[in-house]
Amino acid sequence: MAQSSSHIGIENKIVAIVRKLKTKYPELGRYEMSFHLDRYSTLEEEKRTGENLAFYDRVLETIEDARGFRARFTDKSSIDIPIEAINDYENPNFVEKWGEIIMATRRV
């Protein structure tokens with residue numbers, strides 16, 4: 001029996017997103033792992049404090065506690081994937097809709 005998209009785990013969705021992005025952005029390396037981004041901090045706060053507010057080991061009570069996920073690659077570069085993009089990962093136009101937004105967050 002096929003799984004519905006609501007039963008596919010976040011990590012599998014992130015891997016699917018990375019595969020899609022690599023079709024247009026071959027500079028992305030090999031995917032390594034992901035960290036959740038704290039919904040209760042802001043990007044401005046991250047820039048102001050210089051803190052990396054992405055967590056691997058902090059438990060999420062609900063998925064709504066995550067602003068998105070930071071995907072890290074084996075070359076230690078990373079991208080941030082908003083939770084809205086993860087929810088839209090099955091969109092056939094995903095790369096056109098989200099590619100530039102996600103790639104703008106890339107850190108090398």
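A salt bridge, as the term is used here, is a side-chain nitrogen of Lys or Arg within 4 Å of a carboxyl oxygen of Asp or Glu. The model is predicted: local features need pLDDT of at least 70 and side-chain atom pairs count only at pLDDT 80 or more, while totals for chains, interfaces and linings use all residues. Residues are numbered from 1 along each chain as its sequence is written, and side-chain values use heavy atoms, with hydrogens and water left out.

**First stop: a salt-bridge network**

Select Arg 72 and Glu 32. Their side chains form a salt bridge in which the closest N and O atoms are 3.0 Å apart. This pair links distant parts of the chain, with Arg 72 in strand β3 and Glu 32 in strand β1, 40 residues apart. Strands (E, at least two residues) and helices (H or I, at least four) are DSSP runs numbered from the N terminus. Arg 72, at 23% relative accessibility, is partly exposed, and Glu 32 is also partly exposed, at 33%. For these labels, buried means under 20% relative accessible area, exposed over 50%, and partly exposed in between (1.4 Å probe, protein chains only).

Lys 76 counts as exposed, at 51% relative accessibility. Together, Glu 32, Arg 72 and Lys 76 are linked in a network of salt bridges; the structure holds 5 salt bridges.

In which sense do β3 and β4 pair? The pairing is antiparallel, over 5 bridges; two strands pair if DSSP finds at least two bridges between them.

Because 5 of its 5 residues are buried, β4 is largely enclosed by the rest of the structure. Ser 78, Asp 80 and Pro 82 are buried on one side, and Ile 79 and Ile 81 on the other, so that both faces of β4 are covered.

Select Asp 80, which is buried at 8% relative accessibility. Asp 80 is the bridge partner of Arg 70 in β4. Arg 70 is likewise buried, with a relative accessible area of 8%.

Next, display Arg 107. The side chains of Asp 80 and Arg 107 meet in a salt bridge (2.7 Å, N to O). Asp 80 lies in strand β4 and Arg 107 in the segment after α4 (94-103), so the pair ties together parts that are 27 residues apart in sequence. Arg 107 is partly exposed, with a relative accessible area of 31%.

**Last stop: the aromatic pair**

The structure holds 1 aromatic pair. Select Tyr 31 and Phe 73: the ring centres are 6.4 Å apart and the planes stand at 80 degrees, so the pair is edge-to-face. Rings of Phe, Tyr and Trp (its six-membered ring) pair if their centres lie within 6.5 Å; planes under 30 degrees apart count as stacked, over 60 as edge-to-face and the rest as tilted. Tyr 31 is buried, at 17% relative accessible area, and Phe 73 is buried at 0%.
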